[in-house]
Amino acid sequence: MPAPSPAVGPPGSPPTTERALLLVDDHEDNLFALEHVLAPLGRRLLRATSGEQALKTVLRHPVAAVVMDVAMPGIDGLDTLSYLSRLDLTREVPVLLITGTGRDDRLAERAFRMGAAGLLIKPVDPWALRCHVRGLADLCAGTRSTAAGLVPSARNGPRV
């Protein structure tokens with residue numbers, strides 16, 4: 001398994017000691033877009049390209065929230081969520097799922113029954129994704145950050 005990516009944050013900012021955000025997608029371009037959109041939050045960003053790699057990463061690193069694609073080969077996003085919800089160490093980590101299959105009420109119902117913190121449909125609005133993830137990470141960390149750390153020009157970014 002490749003090592004998780006190094007900390008990614010706003011240019012010139014040092015890596016933080018806060019819990020990281022774990023980004024999970026089997027497509028590199030989607031991971032790049034997620035990193036670009038979430039970097040202004042100032043948290044360390046880890047990446048995984050499979051459900052298996054995500055499970056290993058979340059057990060090795062303190063994670064505030066997971067942003068994960070549903071459709072991946074092998075262990076998909078729902079299976080990974082199921083595993084995370086059964087482990088004491090990761091049960092409380094919020095998982096935001098992203099799907100490119102369009103609106104699917106059965107998928108949404110299954111995801112919420114499994115404990116997903118949310119389900120977003122691609123293309124995802126960058127500002128909405130950033131706000132959602134910031135709220136989840138702050139809840140997990142027990143903190144309340146302000147929007148002061150967000151760069152106004154970063155409101156628009158690539159769609160995930």
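## Exercises on a predicted α/β chain

Threonine 90 lies in the loop that links α3 (77-86) to β4 (95-99). The model is predicted: local features require pLDDT of at least 70, side-chain atom pairs count only at pLDDT 80 or more, and totals for chains, interfaces and linings use all residues. Residues are numbered from 1 along each chain as its sequence is written, and side-chain values use heavy atoms, with hydrogens and water left out.

**Exercise 1.** Determine whether threonine 90 is buried or exposed, and state which residues it touches.

*Solution.* Step one is the cut-off: buried means under 20% relative accessible area, exposed over 50%, and partly exposed in between (1.4 Å probe, protein chains only). Threonine 90 has a relative accessible area of 2%, so it is buried. Step two concerns contacts, meaning heavy atoms within 4.5 Å. Not counting residues up to four places away in sequence, threonine 90 touches Val58, Leu59 and Leu84.

**Exercise 2.** Describe the order of the elements and the pairing of β3.

*Solution.* Helices (H or I, at least four residues) and strands (E, at least two) are DSSP runs, numbered from the N terminus. The chain holds five helices and five strands, in the order β-α-β-α-β-α-β-α-β-α. Two strands pair if DSSP finds at least two bridges between them. On one side of the comparison, β1 and β3 run parallel and are joined by five bridges; leucine 21 has alanine 65 in β3 as its bridge partner. Next, β3 and β4 pair in the parallel sense over four bridges, and aspartate 69 is partnered by isoleucine 98 in β4. The path from β3 through α3 to β4 is a right-handed β-α-β crossover, that is, clockwise from the first strand over the helix to the second with the strands pointing away from the viewer.
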